[in-house]
2 protein chains.
Amino acid sequence: MSPEERLAGVLAPRGLTIAVAESCTGGLISSRITDVAGASAYFLAGIVAYSNEAKEEFLSVPRDLLMARGAVSREAAEGMAEGVRRATGADLGLSVTGIAGPGGGTREKPVGTVYIGLCAGTDRLVRLHRFEGDRASIKRQSADEALKLVLDYLEGGLT
Amino acid sequence: MSPEERLAGVLAPRGLTIAVAESCTGGLISSRITDVAGASAYFLAGIVAYSNEAKEEFLSVPRDLLMARGAVSREAAEGMAEGVRRATGADLGLSVTGIAGPGGGTREKPVGTVYIGLCAGTDRLVRLHRFEGDRASIKRQSADEALKLVLDYLEGGLT
């Protein structure tokens, strides 16, 4: 069973809803969640906030935070997850921000640096990944790990 | 060359930007556009507005319009395209709203009914499609035709 099918199995029976804020995955997570028939019961919205302006406009991530910490940061991931949850009223807010490459990497934050954020109730979770591979592979790994984070959280697999 | 690579070729050299509002495609169009390295130069944001509330909140599509015409309608497609363009300041606003199935179809609007909208300058374009196939196929055909509409518009292929 695919992660997105497993997601349906943990969200739908509990009546939980989710919304997603994506940067480097570019809509792939939302697209995979909505591959599952009946996803409209628990998937409210996805925001693909590629530009900093979109992160401010749709997710209310403060410009100061983006300037001080960078759009690819623990703080931005947390702000995006909270922002999309608040804007949609979903139970869970999931976010991904990272550098899919081939450009945009730095010594401190090389290509493949990806933060995944989740907020639910008063919980705030952020995981840092360093993926290897090309742009398509980094997008796919990021989406896989984002779905996995939600499943770990709801199925009790957090370590 | 894929439609998304051709899109890069028509947008980037002219300095044009695009934003996308998706319903039944669920993020697939944004994901395909951002499969192309350097897409951040012309892709500003994507909104996956699955619920009516998301269409109101992020795209400013009036609730009255959604109630009177339905979320799958020519008017909703136009409102979504205009809404995402206005919210992002993009040159082009592209939208898709439809019924990917397997549920949700009616006699008047069967599964596979998909409206694709585009706004640019003072132009407003909406195309109605009736796709056949399963959910994945309808998503893919909708994304293909949405990208094709932009290419037709910018390359002069409108009939």
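The model is a predicted one, in which local features need pLDDT of at least 70 and side-chain atom pairs count only at pLDDT 80 or more, while totals for chains, interfaces and linings use all residues. Residues are numbered from 1 along each chain as its sequence is written, and chains are lettered from A and ligands numbered from 1 in the order in which they are written.

**The contact between the chains**

In total, 27 residues of chain A are in contact with 27 residues of chain B, contact being defined by C-beta atoms, placed from the backbone, that lie within 7 Å. On the side of chain A that touches chain B, the elements that give two or more residues are helix H2 (28-33), strand E2 (43-49), helix H3 (52-59), H5 and helix H6 (135-155). Of these, E2(A) gives the most, with 7 residues. By class, this side of chain A has 14 nonpolar, 10 polar and 3 charged residues, with Ala, Val, Leu, Ile, Met, Phe, Trp, Tyr, Cys and Pro taken as nonpolar, Asp, Glu, Lys and Arg as charged, and the others, Gly among them, as polar.

Strand E1(A) (residues 18-22) is largely enclosed by the rest of the structure, because 5 of its 5 residues are buried; a residue is called buried if 20 or more other C-beta atoms lie within 10 Å of its own, exposed if 12 or fewer, and partly exposed in between, with C-beta atoms placed from the backbone. The cover extends to both faces of E1(A), with A:Ile18, A:Val20 and A:Glu22 buried on one side and A:Ala19 and A:Ala21 buried on the other.

E1(A) pairs in the parallel sense with E2(A) over 5 bridges, and here A:Val20 stands opposite A:Gly46. E1(A) also pairs in the parallel sense with strand E3 of chain A (residues 92-98) over 5 bridges, where the bridge partner of A:Ala21 is A:Ser95. Together, E1(A), H2(A) and E2(A) make a right-handed β-α-β unit, the hand being right if, with the strands pointing away from the viewer, the path from the first strand over the helix to the second runs clockwise.

H5(A) is mostly covered, with 11 of its 15 residues buried, among them A:Ala76, A:Met80, A:Val84 and A:Arg85. Just after H5(A), A:Gly89 takes a positive phi of about 75°.

**Loops**

| Site | Feature | Angle |
|---|---|---|
| A:Gly101 to A:Pro102 | cis peptide bond | omega near 0° |
| B:Gly101 to B:Pro102 | cis peptide bond | omega near 5° |
| A:Ser60 | positive phi, not a glycine | about 55° |
| B:Ser60 | positive phi, not a glycine | near 55° |

A:Pro102 sits in the loop between E3 and strand E4 (113-120) of chain A, and B:Pro102 in the loop between strand E3 (92-98) and strand E4 (113-120) of chain B. A:Ser60 belongs to the loop between H3 and helix H4 (63-69) of chain A and is partly exposed, with 14 other C-beta atoms within 10 Å.

A:Val36, in the loop between H2 and E2 of chain A, is buried, with 21 other C-beta atoms within 10 Å. Not counting residues up to four places away in sequence, A:Val36 touches A:Glu4, A:Glu5 and A:Ala8.

Conventions
Helix = DSSP H or I, 4+ residues; strand = E, 2+ residues; numbered from the N terminus. Contact = placed C-beta atoms within 7 Å. Pairing = 2+ DSSP bridges.
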